[in-house]
Amino acid sequence: MEEIIFVTQKIILRVLFPVGMTLLLCIIGLACWRRRIWSFFLVCSGVVTLFALSFPLTGYRLIETIESQVPTYAQPGDLVRGGVRYVVVLSAGFREGDLTPADRLGSSVLRLIEGVRLWKAIPDARLVVTGGKIPGICYESSIADGLAQMAMHMGVPRGAIVLEDKSWTTEDQARLVKPIVGKAPFALVSSAWHLPRSLMLFRLEGLQPVAAPCDFLAKRVYVDYETLVPQAYGLLLSQIAAKEYLALWWHLLKARVSGKSPEPDSWLDSRS
């Protein structure tokens, strides 16, 4: 039952993404063809919105507003002085099949590389990898298992790796990492566009994450023929930004209802 609810939520969320939402506006507009003014307005709104969001420049600007909330790459020296002994890597993409460990991880591999870089420079550190068997994505093994295998290929001994292999979402990861790291500060490694939401969720659990961003998509935005031509990549960037904004608002709403809502500065100030 939990798997059905999880998959249903994911489907509903994707309807709210740029392509799904704009197509829905067009479909509703066509269904209202008897009311020509409303029909014309809805169809035009859908087409114009889809067109605007298909520019890579639009997507880059949307993501830039998210990534600007986190600092630049974490420095091992600063982490050591801050008492960091755990490096937590949040999982992302994953694929199953006859693939190498790196190919299985997809976009997760960038986060793992950054995590291993930091781990190697922190004496006696532990590398925590996250991700369970997510419905609709992986059934044979957990994402954490895939991350651990790749980490060992990169020279991390098995004894230095801690698996959190039950989570389906970032919210799950925050809850399940808590017993591992306790109250101590730890480096939280994730894509820069995903980190503001992750920091908020981990801090709502009473944890002390230190931002360790990687995989920047909009660190430097150029205005040229590549960013000013509508294309599928532009829609992908807009979708990434839309997902983060929707998820962030949803978790903020849930936190306020439960009475755990943090002050904005407490989770946006990821430099602390």
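**View 1. Trp38 is an exposed residue, with a relative accessible area of 54%.** Here exposed means over 50% relative accessible area, buried under 20%, and partly exposed in between (1.4 Å probe, protein chains only). Phe41 comes out partly exposed at 48%. Both residues belong to helix 3 (residues 36-53) and are three residues apart, about one turn of the helix; helices (H or I, at least four residues) and strands (E, at least two) are DSSP runs, numbered from the N terminus. This is a predicted model, where local features need pLDDT of at least 70, side-chain atom pairs count only at pLDDT 80 or more, and totals for chains, interfaces and linings use all residues. Residues are numbered from 1 along each chain as its sequence is written, and side-chain values use heavy atoms, leaving out hydrogens and water.

**View 2. Six aromatic pairs turn up in the structure.** Take Trp38 and Phe41: ring centres 6.2 Å apart and planes at 90°, so they go down as edge-to-face. To pair, rings of Phe, Tyr and Trp (its six-membered ring) need centres within 6.5 Å; planes under 30 degrees apart are stacked, over 60 edge-to-face, and the rest tilted.

**View 3. Tyr73 is partly exposed at 34% relative accessibility, while Phe216 is buried at 17%.**

**View 4. Lys219 has its charged end over the ring of Phe216, 4.2 Å from the ring centre.** Likewise, the charged end of Arg111 sits over the ring of Trp193, 5.6 Å from its centre. "Over" requires NZ of Lys or CZ of Arg within 6 Å of the ring centre and within 35 degrees of the ring normal.
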